[in-house]
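Open the structure in your viewer and keep the selection tool ready. Each stop below gives something to select and then says what is there.

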Amino acid sequence: MTSWGNTFDRARALHRPLMVLAGAMAVLLVASAWGLLVDDRTLVNAPIWAKPFKFAVSVGLYALTLAWLLSLLTRGRRVGWWLGTVFAVGIGADMTMLVWQVIFRGRTLHFNQATPADQAINNAVATGAFTAWGMTAAVVVLLMFQKLPDRALAASLRWGTALATVGLGLALLMFSPTPAQQAVWAAGGKPSSVGGHTVGLADGGPGLPLLGWSTAGGDLRIPHFVGIHAIQALPLLALGLAALARRYPVLSSEVVRRRLVWTGAAGYAGLMALVTWQALRGQSIVRPDFWTLAAAAGLIAVVAAGVALSLRPRKVFALTEF
């Protein structure tokens, strides 16, 4: 535990911009929680403070994780510092515009093309998001060239960051014009928004409490959310396996833990593909059909088989280890 505490101390010391961003998100989280309690305004049929609350949680966790990842670099630290700084500035600017547009102007943020001001803010936010995607992709490259002491943890960092980059990229699916918006263009008009979260329905329909994910149609926010948080899920898996190794001797082998991380990464990638496929078919996360359930069962079976094989004696894999 002391070594991990030292790691987080290094993260705070080495990448202050990301830690400042995380601190700002903590303040926003408290403010948003208070707003949810005392402010009864709504926007697109959701509490107006729900979006700042969700983004504060997600961005705060992401900033903390990225700061920790950058503290592990043994090569290219200076490059990593600049990548983290650009990420912090870009996402910090996005969050500032989110609060301004949603809370103070009372207008939607994403996809809004209603006025020149809305369009400018939407484009600026998109630029910040693409910048964050590029910085995360660059961190993936840096991590590929690091030699870390624990190979299971190293695998989790590389896979987690790579899948998070894919998750960020999945946001692009939301920016395609919907059939209704295309119809407005075809009629010679100009739609007030371009793109949307919901597939098969207009945004603003019934959704899950606070999260807002559609309970009536597909929702592209789900694969985006699942994807970006691979950056936390897989390293947590590696750390959990290391902790369990104290009680279960089979996990004391670094090779076994690394196989389990690979299995977890494959399962996580399968989950991302599954929820993306479900959303694109216009199907709600709470109303899966037979084929979605069958695919989920198949994914669970594959992961279970991978876990069983990973726990078998090393000699079974003697010819395939690399």
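Predicted model: local features only at pLDDT ≥ 70, side-chain atom pairs only at ≥ 80, totals over all residues.

**Stop 1: two packed helices**

Select residues 151-169, which are helix H6, and residues 254-280, which are helix H10. The axes of H6 and H10 are 8 Å apart, and the helices pack at an angle of about 10°. Angles under 35 degrees count as roughly parallel, and H6 and H10 are therefore roughly parallel to each other.

Now show the side chains where these helices touch. On the H6 side, the contact includes Ala 152, Ala 155, Trp 159, Leu 163 and Val 166. On the H10 side, the residues include Val 255, Val 261, Trp 262, Tyr 268 and Met 272. What classes of residue make up the contact of H6 with H10? There are 12 nonpolar, two polar and four charged residues.

**Stop 2**

Because Arg 151 is in helix H6 and Glu 254 is in helix H10, the pair ties together parts that are 103 residues apart in sequence. Arg 151 has a relative accessibility of 36%, so Arg 151 counts as partly exposed. Glu 254 is also partly exposed, with a relative accessible area of 24%.

**Stop 3: other salt bridges**

How many salt bridges does the count come to? The count is seven. Select Arg 41 and Asp 39 to see one of them: the closest N and O atoms of this pair are 2.9 Å apart. Arg 41 is partly exposed, at 34% relative accessibility.

Next, select Asp 289 and Arg 281. These residues form a salt bridge in which the closest N and O atoms are 3.0 Å apart. Asp 289 counts as partly exposed at 26% relative accessibility, and Arg 281 is partly exposed with a relative accessible area of 33%.

**Stop 4: a charged residue without a partner**

Select helix H4, residues 77-104, and pick out Asp 94 within it. Is Asp 94 buried or exposed? Asp 94 is buried, yet it has no salt bridge. The nearest side chain of opposite charge is that of Lys 51, 11 Å away. A salt bridge needs a side-chain nitrogen of Lys or Arg within 4 Å of a carboxyl oxygen of Asp or Glu. To see what Asp 94 does touch, select Ala 124, Val 125, Gly 128 and Ala 129; this list leaves out residues up to four places away in sequence.

**Stop 5: two loop residues with positive phi**

Select Val 44, in the loop between strand E1 (42-43) and strand E2 (46-47). Val 44 is not a glycine, but its phi is positive, at about 55°. With a relative accessible area of 41%, Val 44 is partly exposed.

Finally, select Phe 111, in the loop between H4 and helix H5 (116-144). Phe 111 has a positive phi of about 70°, and it is not a glycine either. Is Phe 111 buried or exposed? Its relative accessible area is 4%, so Phe 111 is buried.

Methods
Residues numbered from 1 in each chain as written. Heavy atoms only, no water. Axes fitted to C-alpha atoms, helices over the stretch in contact; angles between N-to-C directions. Helix = DSSP H or I, 4+ residues; strand = E, 2+ residues; numbered from the N terminus. Parallel < 35°, antiparallel > 145°, perpendicular 65-115°, else oblique. Contact = heavy atoms within 4.5 Å. Nonpolar A, V, L, I, M, F, W, Y, C, P; charged D, E, K, R; others polar. Buried < 20%, exposed > 50% of the residue type's maximum accessible area, 1.4 Å probe, protein only. Lys, Arg positive; Asp, Glu negative; His and termini not counted.
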